[in-house]
Amino acid sequence: MNQQAAPAVEGEVASVEAKSRPRATSPLVLPGSIAIAPPDPEDDLSLRRELLLGDLGRRILSDLDPRALARVAVETIGRGLELDVCALLSMRGNRLMARESGLYLAEESARFEDFAIDGADLIFNSIRQEGEVVVNDVANEVPEDAPVGQLAAAISARSLIAVPIVFSSRMRALLVMATQSEVRTWTLEDRHIAREASTIVSIAQRQAELLDEARRVGERELLIRQIGRALRSSLGLDHVLRTAAERVGEAVRADGLVVWRCEHGADMTPLWRFADGGENHQLVERASGESAPITLADSLLDELLARHTAQIVEDGWITAGTLDAKSHTSDRRIIACPIIVRGEIWGLLEIDRRSAGWVWREGELAFVSEVAEQLATSVHQAQLFDQILRSQHEWETTFDGLADSVVIYDDLRNVRRTNLASSSMLNRALGDLVGHPCCSLGLCTDKDGCAVERAMTHRERVVLEILSQRTYHVLHVTVDPIVNENGDIIGAVQLIRDLDELRRTEAELRRQQHFLVNLVESAHDSIFVIDLAGRLVWSNSHLATLTGRLISELLGQSYSSFISEDQHEEFDQHFHATTTGDSRRFDASIFNARTGDERRVVMSYSPISEDGKIVSVLGVARDVTEEKSIAERSQQADKLRALGQLASGVAHDVNNDLAAILGRVQRLMRNPDFSEMRSEFEVIETAALDSAQTVRRIQNFARQQGQADFEPVDLNGLVRDAIEITRTRWLDDAHSRGIKYTVEFEAANLLPILGDGSQLREVFVNLIINAIDAMPQGGALRVSSVDAGSEVSVRFADEGVGIPRRIRERIFEPFYSTKGASGTGMGLAVSYGIVTHHNGRIDLESEVGKGTTFTLTFPITDTQAGAAPLRAAGFVGPLKVLVIDDEDVVREVLSDLLDEQGHTVFHTATGAEGIGLLESNGPFDVVFTDLSMPGMDGWAVARHVRERFRLVKVVLVTGYGVSVTAPNEESDLVDSIIGKPFEYDDIANLLWRLYQK
């Protein structure tokens, strides 16, 4: 686009016949290729200009209506300059908007629709530099995509000149003059007329706007007063909001309006909406579900909070909550105005206009802001009114709902108001009570006269108790005077309470309290309460029994005062977890300060809450010492039983092998042909006998050694033996290392017990050695025996390091040792098995750092100790003997031993074959049968022999030891039992005893 800036020259005259006469042959050519013809002095251009401008001024100033002004201006200029098109385009942002009222067309048949052109800022930038835009030939001078080219295309212009309409230092519109039929070279006079015309139009528009604004201000003031009266006429919030939506929507000619409620911060909920349906059809209704809640943008919220006035939001706030969500076009113009109640955004007015090119005026924003302030005042008043109504309702509900009777008297002591309780107490309707004198109710008189009169006269409270003549209940009556702000007595209020029901309630509470106290005291558990600082604030008496301390000593003390130091950390963890709302249950130990015993308990911690807040901790301690001890002994017995079964099977197999070895080597030792090898055979015999002793120890541990071999033993003597056996350990060896031990024995006069002396001696030796090991720096071991009537006990108390609680629980487990590689873990396990096999028990007491005490308790017998069992002294025979054993080696060894003793021996590998030999080769004197055989075992063989051959002696041979018992309590099935391995003399002595009976 080529532009020419040519300032108007005073006295210049432009040709009025520019279209009918040839132009000057020497035109003035200015930069930009715009040719301007020099003025023709022959034409009276000045006169024409004055006539045109004068006519324009008279016409547009005669009617200051903005719409009429635009039409008059374009028609006057268009006809005066013989233009094809003259347009007055209004500026809206960066767009030029064309309306039919501001458009002149020389051809009346031509029609143009309203249009808008972007890029107004580019056009006005050119105008600021040059003063106007002058284009002689649009086709050659202006690109089609340029803003001026778009303007020319919109009005089909071949030549155009555009000048701005400016007032209040702002460009408000653009005056465009154009030709369509031919190219026109614009003269200086044309440009001068355009400038003068723009000035006249600018002045007229400014005056029209001022006049229109004054009219609008008056209308708005009147409308604001009307809206204020309408809002103040109602105290209902819904009516206030509906009225505001309807009046504001009509006043600003809104296409849509929504009243929003701010719930939480920026969260908005629609309440009422207004919609303009056209043709005077408008709708105001409560917002429905289609107006969904929204969240206000933080930037807009901050802006509204900062300014407290209506803000133009333009296209930046498109929400689903608007009235016509489908009309989201770029022409939407939105106002957002906050409703400020007590300094906070209570709600929001959203006002929407969708007219193309619409611009909100400052007056409209001020109007909406002022209405919003009145609306905020009305909302506040409605809230206060609603609060008053609620308060009145609450007061009346509370007054009528009081359980006590309340009577209000006026200054003449007549009943002014009373509640339902009074009506019920007096058995009269509320209406019947109002207006009656106080004394007529019979609730205010005693020996001193009327209590209401005294209270009002002396200006003080009067309290009395009277007997109801209707119910014969004692009533507690309180009368207080009512004083107004001037200090005058204007009445009295009387409160009547039925003490009979209160006293019954108190008695019931005392009964329930007594029941609860007895219930807690009757519980076998220790129940106590700890505050959040860890101090004991209450407890039943069982805690004193458990701890050995008085409750008065424990109250106010920390709960850690009755637990050991090594448990403090664990208790603290559970306590702090409970104070945060978690319930805990755990095992613990409590030391009894009076007896010194350690009691094992199951502790429960539960939080105690008041009004949703934890205030203390409820503790329950259940003493499970005995139950734990029984369970542990049972568990230990189960472990030993399982291990014993395994050991018994191993012992059986080893005994079979040892029987063969021992039998063969003893035969060889008696054979004179091998006399020179006797010493070698003795070594083998000794090894076999030692192995047999080891197997017997395993059987003892497995509790397979029966009590049939028990004999009366003296426990005191066994203890002294054990002390002497270990003397080198605790005396000689210790002295050589500079360590001093003392072993003291305090013996009581004990009755004997039935037992195996060697086994018990082994137990005592093991306990002494363990005590010495527990005192690495030396110390004292005190051994004592105690006669407890039907039982006797032996105590071993050392001053050693003690045994921690976690180790005590496993101390009797097989293979469990705390001595590292030097310990086998079988000492105490074997000792436990031996004591249990003697029908005794082991009790353990220990405290870390203070020592350990083992107490062994056994039942007594009245048989004197030291009686020696009967022993064999010779041979019997010869006898006819049958040997039955599925082990070839054992069967052959036993047969050979019997054969050497001069007996006739038959042998077989199965029970069935043995029964066949008895039937076919009988009679026999003795049958030796193995216990464990496939098919028919030893018991079955013995049962068959008893049924068929009652005179035959039956000897049961077993590798499980002599403690086996007959099934089904058949005690006479066999005559004797012999365990493997057996020696030559064992067989001879057995036969001798059988035939000596």
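# Report on a predicted protein chain

The protein chain holds 27 helices and 40 strands, where helices (H or I, at least four residues) and strands (E, at least two) are DSSP runs numbered from the N terminus. The model is a predicted one, in which local features need pLDDT of at least 70 and side-chain atom pairs count only at pLDDT 80 or more, while totals for chains, interfaces and linings use all residues. Residues are numbered from 1 along each chain as its sequence is written, and side-chain values use heavy atoms, with hydrogens and water left out.

## Overall figures

Of the 997 residues of the protein chain, 45% count as buried; here buried means under 20% relative accessible area, exposed means over 50%, and partly exposed lies in between (1.4 Å probe, protein chains only). The accessible surface of the chain comes to about 50,500 Å², and 50% of it belongs to carbon and sulfur atoms; such areas come from the Shrake-Rupley method with a 1.4 Å probe, and for residues only the protein chains shown count as cover. Among contacts between residues at least 6 apart in sequence, 61% join residues at least 24 apart, a contact being heavy atoms within 4.5 Å.

## Ala197 in helix α6

Ala197 has its place in helix α6 (residues 188-232), and with a relative accessibility of 1% it counts as buried. Leaving aside neighbours within four places in sequence, Ala197 is in contact with Leu53, Leu56, Ile77 and Leu175. Ala197 and Ala73 are 124 residues apart in sequence, yet their C-alpha atoms are 8.2 Å apart in space.

An open sheet is formed by 5 strands in the order β25-β24-β28-β27-β26, with antiparallel pairing; two strands pair if DSSP finds at least two bridges between them. Its edge strands, each of which pairs on one side only, are β25 (536-539) and β26 (584-591). From one strand to the next, the twist averages 30°. Helix α16 (residues 568-579) packs on this sheet, touching β24, β26, β27 (598-610) and β28, and the direction of the helix makes about 140° with that of β26; for such angles, axes are lines fitted to C-alpha atoms, for helices over the stretch in contact, and the angles run from 0 to 180 degrees between N-to-C directions.

Within the sheet, strand β24 (residues 526-531) is joined to strand β28 (residues 613-623) by 6 bridges, the two running antiparallel, and Phe528 stands opposite Gly619 in β28.

Phe515, which lies in helix α13 (residues 499-522), makes a nonpolar surface patch of about 310 Å² together with Leu516 and Leu519. Patches are made of residues with over 30% relative accessible area and no salt bridge, like charges being joined within 9 Å and nonpolar side chains (Val, Leu, Ile, Met, Phe, Trp, Tyr) within 5 Å.

## A hairpin and a buried strand

Strands β34 (residues 841-847) and β35 (residues 851-859) run antiparallel and are joined by 7 bridges, with Arg841 opposite Thr857 in β35. The hairpin of β34 and β35 has 3 residues between the strands, and in it Gly849 takes a positive phi near 90°.

Strand β36 (residues 880-884) is largely enclosed by the rest of the structure, because 5 of its 5 residues are buried. Both of its faces are covered, with Lys880, Leu882 and Ile884 buried on one side and Val881 and Val883 buried on the other. β36 pairs with strand β37 (residues 904-908) in the parallel sense over 5 bridges, and Ile884 has Thr908 as its bridge partner in β37.

## Salt bridges

Side chains of opposite charge can pair when their charged atoms come close. A search of the whole structure finds 25 salt bridges, a salt bridge being a side-chain nitrogen of Lys or Arg within 4 Å of a carboxyl oxygen of Asp or Glu.

| Pair | N to O distance |
|---|---|
| Arg727 and Glu724 | 2.8 Å |
| Arg782 and Glu744 | 4.0 Å |
| Asp843 and Arg841 | 3.5 Å |

Arg782 lies in strand β32 (residues 779-787) and Glu744 in strand β30 (residues 741-746), so this pair ties together parts that are 38 residues apart in sequence. Arg782 is partly exposed at 40% relative accessibility, and Glu744 is partly exposed at 43%. Arg727 counts as partly exposed at 29%, as does Glu724 at 47%. Asp843, at 28%, is partly exposed, and Arg841 is partly exposed at 33%.
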